Amino acid sequence: LEDDCDDSELFALLGLAVLNASTCTDNTCKTFLTSGTFAPNSGFSAADPFCAADANKPSTGGTYKALLAMPNVRVACTTANCSGGISENTNWILHPNTKYVRSDGTTEIFTTNSSGIFEFGTATNSATGTADGYTTGLEADWTTGANCNNYMGPDSGSNYIYGIANTTNSQVMSAVDTACDDGSAPLVKLLCVE
């Protein structure tokens with residue numbers, strides 16, 4: 001960088017470098033719902049590879065990760081709706097101030113704010129037109145919630161949270177809190193984001 005760059009230009013360039021490090025284009029990132037179901041005891045480390053190998057992953061390539069929260073590993077907010085701002089994110093996968101679209105590349109779902117989250121009820125469209133569930137581990141205020149003992153086991157007394165793909169309110173991230181050892185609990189998918 002030249003010495004005559006002011007701080008605002010430097011921060012703009014750094015922000016552009018971070019955005020370019022992802023596979024998103026023009027401040028827009030794609031999402032997709034997996035075709036396969038992800039068992040809540042598969043382990044957190046299995047989630048991102050599950051997205052990468054799923055048949056619904058867009059053929060245009062890109063790196064996709066599961067919209068899945070886990071304490072101290074992948075955190076959206078530590079306080080309700082990130083009242084402390086983006087500094088509450090830990091390895092969070094949604095970029096701040098970014099539009100997220102369906103895998104078709106054009107149907108907008110939501111746009112994140114400066115904290116890398118979006119206000120429920122402001123989504124333009126649902127993630128899909130189907131009522132499929134997908135594991136999130138997120139409470140309705142973006143804090144980390146129930147996750148089957150860190151996605152390691154369907155132990156008695158543990159729960160997991162999943163969202164519903166055809167909603168735009170808080171149920172898109174936090175619709176059902178169900179027991180991991182409940183034989184009637186649905187097998188749910190993952191929402192994968194670029």
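This briefing walks through the sheet, the aromatic rings, the nonpolar cores and the disulfides of the structure above.

The model is predicted, so local features need pLDDT of at least 70, side-chain atom pairs count only at pLDDT 80 or more, and totals for chains, interfaces and linings use all residues. Residues are numbered from 1 along each chain as its sequence is written, and side-chain values use heavy atoms, with hydrogens and water left out. Look out for an open sheet of 5 strands, a cluster of linked rings and 3 disulfides.

**The sheet**

- Helices (H or I, at least four residues) and strands (E, at least two) are DSSP runs, numbered from the N terminus.
- The 5 strands of the open sheet follow the order 2-8-1-3-4, with mixed pairing; two strands pair if DSSP finds at least two bridges between them.
- Strand 2 (65-66) and strand 4 (108-111) are the edge strands, each pairing on one side only.
- Strand 1 (residues 28-33) and strand 8 (residues 191-193) run antiparallel and are joined by 3 bridges.
- Phenylalanine 32 has cysteine 192, in strand 8, as its bridge partner.
- Strand 3 and strand 4 are also antiparallel, paired over 3 bridges, and valine 101 stands opposite glutamate 108 in strand 4.

**The aromatic rings**

- Rings of Phe, Tyr and Trp (its six-membered ring) pair if their centres lie within 6.5 Å; planes under 30 degrees apart count as stacked, over 60 as edge-to-face and the rest as tilted.
- By this rule there are 10 aromatic pairs.
- One of them joins tryptophan 92 and tryptophan 142 edge-to-face, at 6.3 Å centre to centre and with 85° between the planes.
- Tryptophan 92 lies in the loop between strand 2 and strand 3 (99-101), and tryptophan 142 in the loop between strand 5 (133-135) and helix 3 (148-151), so this pair ties together parts that are 50 residues apart in sequence.
- The rings of phenylalanine 118 and tryptophan 142 have centres 5.3 Å apart and planes at 75°, so this pair is edge-to-face.
- That pair links distant parts of the chain, 24 residues apart, with phenylalanine 118 in the loop between strand 4 and strand 5 and tryptophan 142 in the loop between strand 5 and helix 3.
- Tryptophan 92 and tryptophan 142 are buried, and phenylalanine 118 is buried as well; buried means under 20% relative accessible area, exposed over 50%, and partly exposed in between (1.4 Å probe, protein chains only).
- Ring pairs connect Trp92, Tyr100, Phe110, Phe118, Phe120 and Trp142 into a cluster.

**The nonpolar cores**

- A nonpolar core is a set of buried Ala, Val, Leu, Ile, Met, Phe, Trp, Tyr and Cys residues joined through side-chain atoms within 4.5 Å.
- The largest one has 27 residues, and Trp92, Leu94, Phe118, Trp142 and Met173 have the most contacts inside it.
- Strand 1, strand 4 and strand 8 are the elements that give two or more residues to this core.
- Apart from this core lies another, of 12 residues, including Phe32, Cys51, Tyr64 and Leu190.
- Beyond its neighbours within four places in sequence, phenylalanine 118 is in contact (heavy atoms within 4.5 Å) with residues including Phe110, Trp142 and Met173.

**The disulfides**

- A disulfide is a covalent bond between the sulfur atoms of two cysteines; here, a pair of cysteine sulfur atoms within 2.5 Å counts as one.
- Cysteine 24 and cysteine 29 form a disulfide with sulfur atoms 1.8 Å apart, and both residues are buried.
- The S-S torsion of cysteine 24 and cysteine 29 is about 105°, so this disulfide is right-handed.
- Cysteine 51 and cysteine 192 have their sulfur atoms 2.0 Å apart, and the S-S torsion is about -80°, so their disulfide is left-handed.
- Cysteine 51 lies in helix 2 (residues 47-53) and cysteine 192 in strand 8, so the pair ties together parts that are 141 residues apart in sequence.
- Cysteine 77 and cysteine 82 form a disulfide with sulfur atoms 1.9 Å apart; the S-S torsion is about -100°, so this disulfide is left-handed.
- Cysteine 77 is buried, with a relative accessible area of 2%, and cysteine 82 is buried at 4%.
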